[in-house]
Amino acid sequence: MITRQRLAAGLGALLAALAAGLAFPAGAVADETTANAPKVDLVIDVSGSMRAKDIDGQSRMAAAKQAFNEVLDATPEEVRLGIRTLGATYPGDDRKTGCKDTAQLFPVGPLDRTEAKAAVATLTPTGWTPIGPALLRAADDLDGGEGSKRIVLISDGEDTCAPLDPCEVAREIAAKGIGLTIDTLGLVPNAKMRKQLSCIAEATGGTYTSVEHANELTDRVNQLVDRAADPVVTPVATEGAAECAKAPTLKSGLYTDREAFGRERWYRVDVEPGQELRAAVSVAADRAVSPDYGVLLRAVTVHGREIVRGEAAGNGRTDVVSTGLRYPKAESDDEETPAETVCLQVTHSFAAAAGVKSTPGLPLELTVDVVDGPSPAGDVASFGLGRGWWLLGALVVAGFLGGLVWGWLSRWRVAVWRTN
């Protein structure tokens with residue numbers, strides 16, 4: 001009996017140990033999955049102006065609650081969603097206190113729909129509109145992890161806590177290079193609010209949407225939450241140098257940087273014989289700039305000789321200017337031929353408008369792709385036409401035959417006319 005008890009106890013201990021051993025890898029996998037999961041922080045304005053009843057006969061707050069409930073029901077399981085409020089708790093007149101009024105209503109993490117809906121139901125329009133402080137705290141809510149990060153800001157008015165300009169806050173968040181996007185939605189917007197919310201969104205590559213109906217609000221927030229779940233390529237933050245000799249060496253990939261007004265950025269790329277370098281750059285105007293501007297991307301040797309360039313110009317009708325270039329390096333018969341270091345120079349002619357801060361620099365996105373070069377027989381176009389020669393030949397033959405037929409018909413019609 002004692003032997004059986006000991007055997008049973010030993011078997012139980014072994015099973016417990018195996019269960020514990022299996023639990024740790026599962027936990028590690030769960031932690032990794034959570035770290036890479038897309039994150040969304042919904043930031044809702046609960047200031048006193050949200051009492052206004054001008055959205056489909058109901059108050060702005062009621063429309064926002066309805067939209068939130070429907071969004072919570074439709075949120076994909078893989079999205080880690082949180083809710084933050086601004087202006088929800090302090091009804092007084094002290095500006096210093098009112099501008100600290102932002103709180104995390106529901107933490108960013110696995111979604112408990114019942115708990116989140118219950119938290120949203122308690123919201124009552126109360127106080128100020130501290131958009132800048134709320135964005136700073138929301139960025140902290142989303143800190144960490146490698147997945148996509150998105151803030152969705154819903155407001156019915158401009159910030160009331162200057163000089164902490166929310167547009168400057170958005171630029172600072174973008175300058176950190178953490179891949180965070182801010183989308184903004186304006187309820188019953190006016191010109192001043194539209195300008196501010198547009199500036200916040202543009203600073204991080206997000207979107208601004210004007211909303212005047214409850215169904216529009218629901219649809220748009222659902223789109224943005226779903227977009228967070230889509231797989232995206234997160235740009236790698238890098239820092240170009242003032243000269244090629246000190247520039248970072250980049251591999252194929254997507255990079256983000258900031259370039260000050262009147263300055264240039266340098267990067268290095270190694271290209272093996274028989275490979276082709278393809279590079280593109282986009283520079284965004286995330287603040288008011290003077291019209292007529294351009295961007296230049298140059299590929300030069302380490303000795304300063306220009307290889308190829310790409311350039312583009314704008315006139316104020318677009319906020320982003322992009323250009324690109326291609327450089328194929330010829331194959332070499334000598335297998336010992338080393339890779340060539342190509343220096344990429346990025347310059348732009350944006351100028352900050354009067355009274356606009358020039359720091360931090362404008363955001364730029366650089367794409368680098370080093371691929372196998374084209375083969376002489378297949379991919380290289382003949383005199384720039386390639387397979388277009390077949391089409392050109394067919395058009396020549398068709399034109400010749402058409403001319404013969406038209407000439408014959410014309411002669412026949414003239415003969416008939418003369419006979420009659």
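Select E212 to begin. E212 is partly exposed, at 44% relative accessibility (buried means under 20% relative accessible area, exposed over 50%, partly exposed in between, with a 1.4 Å probe and protein chains only). Its place is the loop between β6 (208-211) and α8 (214-229). Helices (H or I, at least four residues) and strands (E, at least two) are DSSP runs, numbered from the N terminus.

This is a predicted model: local features need pLDDT of at least 70, side-chain atom pairs count only at pLDDT 80 or more, and totals for chains, interfaces and linings use all residues. Residues are numbered from 1 along each chain as its sequence is written, and side-chain values use heavy atoms, with hydrogens and water left out.

Next, the salt bridges. The rule asks for a side-chain nitrogen of Lys or Arg within 4 Å of a carboxyl oxygen of Asp or Glu. The count is 15.

- Select E243 and K246. Their closest N and O atoms are 3.8 Å apart. E243 is partly exposed at 38%, while K246 is exposed at 65%.
- Select R309 and E306. Here the closest N and O atoms lie 2.9 Å apart. R309 is partly exposed at 39%, and E306 is partly exposed at 31%.
- Select E340 and K329. This salt bridge spans 3.3 Å, N to O. The pair links distant parts of the chain: E340 sits in strand β14 (residues 340-348), K329 in the loop between β13 (320-328) and β14, eleven residues apart. E340 is buried, at 16%.

Then show R298, E306, R309 and E311. Salt bridges with shared partners join these four into one network.

Which residues have the most contacts inside the largest nonpolar core? Select I44 and L217; the core has 33 residues. Such a core is a set of buried Ala, Val, Leu, Ile, Met, Phe, Trp, Tyr and Cys residues joined through side-chain atoms within 4.5 Å. Colour the elements that give it two or more residues: β1 (39-45), α2 (60-74), β2 (80-86), α4 (113-121), β4 (149-155), β5 (180-187) and α8. Finish on α2, which gives the largest share, seven residues.
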